[in-house]
Amino acid sequence: MTKKKHDMAFVLPAMVVVAIMTQVPFILTIIYSTLRWNLARPDLPIRFIGFDNYLYFLRVPRFPEIPEFYAIVWQTIFITGATLLLCVITGFMVSILLDNPVPGVNIARTLMLGPFFVMSTASGVIWKATIFNTTFGWYGVLVKSLGLTPIDLLSYRPLFVIILLFWWQWMPFFVLVILAGLQGIPVDLSDAMRIDGTNWLQSTFLVKLPLITNHMRVAVMLGLVFVVKEFGLILVTTAGGPGTRSYTLPYAVYMQVFNASNVGRAGALATFTVILTLLAVNLLYRSLRRRRAAEA
Amino acid sequence: MSRTHTRPGWGRSARFRKTVRIAALSILIYAMAIIYVSPILYMFISRGQI
């Protein structure tokens, strides 16, 4: 047995397990997306219908009326994009602060990481019950104390609420990655900056920021995968509402299966989600590779 | 050599400025961390009865 085959023999069991665990459900989803399969209609036989489930969402029957699928795709892109942008900007600022050698900074770092370890449904319930409640929530009390009438943010500004909660939950992850990048900056570089007389703005934005751009890109790439598939938080806060104003693709998949009982259309939506995510991750990965090649 | 480097009181002034800077940063960092995590702290304080 050659060395390569010998090495492969060790890796093969893990590869088989990973392939079965990840690829089989995905391939099954693609197969389901080509079927007419409605759980609420057992009288209709399950049969192959090609790309009809995809066309059902993509087709624009009467032009000025755009189907709600496009609105859901836009909402998914908007929520994910806004969350990632907020997370990168604030994550960088917070990381710069937490990189200072103040006494007990590790306690502050641990506190900041707290929301990341809370289950998304639990954090949704906490925010809905203790903060956004217009009668006894912090928001309601604060607005009333200013002499104003609090509006129900969950109903009137659902996207704002969801982006805020995603940001609150995922910003610590960005802090974790960016802080690791900041701590990897060599000490002699910091000393050189001090000797050269750089001020805070110069050292932060002209020296540190370019050095941790790759860390930021990795954080955005991973964050994209995590945020785009978030579902529980939407379910417990706005439940996709009002109407479909705060639907995202994963939530629409859930509603297609558990509300409309339509496995075929849910499969098509799930495949759309995967394609969109893969496209975005691929773009980010390419930019990361281009930058690494330029640096080399 | 400039004589200003040996002027008495400058070292103490720099130390004082550094102490003030670290104290201000500490207050800022801890305030930010506590505010950020306050929904979770509130949940613990209210013993989950939300």
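**Close-up views of a predicted two-chain model**

**Figure 1. Contacts of A:F174.** A:F174 touches A:C87, A:V88, A:G91, A:A219 and A:G223, leaving aside residues up to four places away in sequence. Two residues count as in contact if their C-beta atoms, placed from the backbone, lie within 7 Å. The model is predicted: local features need pLDDT of at least 70, side-chain atom pairs count only at pLDDT 80 or more, and totals for chains, interfaces and linings use all residues. Residues are numbered from 1 along each chain as its sequence is written, while chains are lettered from A and ligands numbered from 1 in the order in which they are written.

**Figure 2. The largest nonpolar core.** This core has 57 residues. A:F174 is among those with the most contacts inside it, together with A:M112, A:F166, A:V175, A:I178 and A:L269. Helix α8 (residues 158–183) of chain A gives the most to this core, with 14 residues. A nonpolar core is a set of buried Ala, Val, Leu, Ile, Met, Phe, Trp, Tyr and Cys residues joined through C-beta atoms within 7 Å. Buried means 20 or more other C-beta atoms within 10 Å of a residue's own, exposed means 12 or fewer, and partly exposed lies in between, with C-beta atoms placed from the backbone. Of the 296 residues of chain A, 28% count as buried.

**Figure 3. Crossing of α3 and α11 in chain A.** The axes of α3(A) (residues 68–98) and α11(A) (residues 213–228) come within 10 Å and cross at roughly 140°. Axes are lines fitted to C-alpha atoms, for helices over the stretch in contact, with angles from 0 to 180 degrees between N-to-C directions. The crossing is right-handed; in that hand, the near helix is turned clockwise from the far one by less than a right angle, and anticlockwise in a left-handed one. From α3(A), A:T76, A:T80, A:T83, A:L84, A:C87 and A:V88 meet A:M216, A:V220, A:G223, A:L224, A:V227 and A:V228 of α11(A). By class, this contact has eight nonpolar, four polar and no charged residues. Here Ala, Val, Leu, Ile, Met, Phe, Trp, Tyr, Cys and Pro are nonpolar, Asp, Glu, Lys and Arg are charged, and the others, Gly among them, are polar.

Figure 4. In α13(A) (residues 249–258), A:L249, A:Y251, A:A252, A:V253, A:Y254 and A:Q256 are buried. They pack against α3, α12 (232–237) and α14 (263–295) of chain A. Helices (H or I, at least four residues) and strands (E, at least two) are DSSP runs, numbered from the N terminus. A:A239 is in the loop between α12 and α13. A:A239 is not a glycine, yet its phi is positive, about 50°. A:A239 is partly exposed because 14 other C-beta atoms lie within 10 Å. A:S261 is in the loop between α13 and α14. A:S261 also has a positive phi, near 55°, and is a residue other than glycine.

**Figure 5. Chain B and its contact with chain A.** 16 residues of chain B are in contact with 17 residues of chain A. The chain B side has 15 nonpolar, one polar and no charged residues. B:A24 is in helix α1 (residues 10–45) of chain B. B:A24 is exposed because 11 other C-beta atoms lie within 10 Å. The C-alpha atoms of B:A24 and B:I45 are 28 Å apart, across 21 residues of sequence. Mean pLDDT (the predictor's confidence in each residue, from 0 to 100) is 78 for chain B, and 70% of its residues reach 70 or more. The model scores ipTM 0.78 and pTM 0.86.
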